[in-house]
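Try each task before you read its solution.

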Amino acid sequence: MANPLFDSLFGQHLNNDAVFLHLPDGSAITYAAFLQTAAQYAGLLTRMGLEPGDRLAVQIAKSPQALAVYAACAQAGVVFLPLNTAYTPDEVSYFVENSGARLVLCDQAGADGLAPVAKACGATLETLNADGSGSFTDQAKAMPTSFETVTRDGDDLAAFLYTSGTTGRSKGAMLTQNNLLSNAQVLMAQWRFTSQDVLLHALPIFHTHGLFVASNITLLAGGSMIFLPGFKLDQVIDHLPQATTMMGVPTFYTRLLGDPRFTRELVSHMRLFVSGSAPLLAETHVQFEKRTGMRILERYGMTETNMNTSNPYDGERRAGTVGFPLPGTELKITDSKTGETLPQGEIGEIEVRGPNVFKGYWQMPEKTAEELRADGFFITGDLGQIDPDGYVHIVGRNKDLIISGGYNIYPKEIELLLDQEEGVLESAVIGVPHPDFGETVVGIIVPQGDTDPNLEQIMTNIAKSLARFKHPQKLIVLPELPRNTMGKVQKKALRDQFQGLFSA
Ligand code: MLC
Ligand code: AMP
């Protein structure tokens, strides 16, 4: 194939008059119309001088046009780099600079903040708003509605997704065409997606889950999506009766279960609910089955690896587990210190290998070598165990990471900011259980000297450079941090101490 990703996901639909996207206002967009827009965008990207392999950074609201930018990148061979819309200009600045993006797309409201960022990095800035207007789409209107697909190899880069690290610096995970395509092919088959499926899509499209898992599978199968701007309970409940499948983070399911309108009748025609990106409590799984008579299918993935495991479509979907390794993906449990494979049943580091595993971190060979072994196994940082029936259980993390409502937050990034604040000697940021988000952020501060730090001022200061979802929900002052004999901060002791802070 001349361009495996584009041809398989999009190219097969160039003349397809079936509906691809159902929009909340009742309108619909066919595959053919969607791909004409994408062709105009691809033409414009090329006219703007972007060449295959160049990066396009986008921080734009979810919309059909935003998804068409992804398709355009695939068609023009440009590397798609989506960014969380909650990121501050400080955060975006790092991604644009680090990736060497040639073009930045943002909405009008963000343009003033990002113009200096783009300029400093030598990138062009164009706008694309939630309603599809903007300087980018204005120019695209003049472009032809067909575009000669750029030839790419399966091993060529398709996307960069930035993922934070335990050092606090984000790393650009380089995903190839084959990484994305192989995973979509496996998942489509595993989860039985067909052109008859209507996926209720309420996830953001700047992460693996909403962008690759949900959209790529639908595209490959030729199904359609009810494309909602985000997860709003009323809207989701209104649209569930028209859907056959839904994918979500656990917060989606706990919110649905909290609403009496979410009944067995409402979802009687649905064939599949998938959960991932964060642990689904066994209790949620059980409650869901009691309410609907259906079992959520939980799977496990990562930005760097796409999806690794899944509970079975047929067969037992076991609560509290993430199922079996996907066909083509090898998974082993190893000793974190030696890297040796552990005997069956023991708890250790989860390592995975397969066509789904990324190529490495952009311009960070040392970081890549730390996590991606020469033999192709990726060290996930998740701790797991395989039960006698082969189901994988995730039992913890070997990385200092908080997952709040499906968004990853790296404590180090917040600690670095807190430590710079006046009156702060040192800090520790931890995740504690939260009824809505699963986990939420708490900052522990040790004051410098005798004066009490001004917590309100500290919050205001750090908020300037941190996306809203990373803000600590609470700052707590302690005289000192618990440490082990090696002097290492005992975060577990802190988590235990404050675990009840947000109990329902
Ligand atoms: C929003 N807020 C969050 C938050 N989302 N705070 C913490 N954690 C989050 N996840 C903030 C808002 O800015 C708001 O701030 C306040 O919390 C309450 O807002 P809300 O209206 O209740 O939030 P909402 O907009 O409904 O968003 C919640 C959510 C959303 C769960 C719907 O976070 C979401 O769509 N999460 C999905 C994330 C995802 O796709 N992850 C996949 C990663 S891929 P204020 O100012 O009002 O106080 C991956 C790999 C894999 O992990 O395996 O899939
Ligand atoms: P990200 O870096 O955003 O891709 O997040 C990946 C991380 O999310 C994984 O390393 C896991 O820690 C976590 N994760 C994803 N799916 C699950 C799941 N089903 N259960 C528990 N944790 C999960």
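**Exercise 1.** Work out in which order the 4 strands of the open sheet lie.

*Solution.* Start with the order, which is E16-E17-E19-E20, with antiparallel pairing. Strands (E) here are DSSP runs of at least two residues, numbered from the N terminus, and two of them pair if DSSP finds at least two bridges between them. Next, look at the edges: strand E16 (330-334) and E20 each pair on one side only. From one strand to the next, the twist averages 50 degrees, with axes fitted to C-alpha atoms and angles running from 0 to 180 degrees between N-to-C directions. Finally, zoom in on E16 and strand E17 (residues 348-353), which are antiparallel and joined by 5 bridges. Lys-332 stands opposite Glu-351 in E17.

This is a predicted model, in which local features need pLDDT of at least 70, side-chain atom pairs count only at pLDDT 80 or more, and totals for chains, interfaces and linings use all residues. Residues are numbered from 1 along each chain as written, chains are lettered from A and ligands numbered from 1 in the order written, and side-chain values use heavy atoms, without hydrogens and water.

**Exercise 2.** Find which strand gives the most to the shell around ligand 2.

*Solution.* First, list the strands that each supply at least two shell residues: E13 (297-302) and E20 (392-397). Then pick the top contributor: E13, with 5 residues.

**Exercise 3.** Find the atom of ligand 2 that Asp-382 approaches with a polar side-chain atom.

Notes. A polar contact is a pair of N or O atoms within 3.5 Å; within protein, one must be able to donate a hydrogen and the other to accept it, and residues adjacent in sequence count only if both atoms are side-chain atoms.
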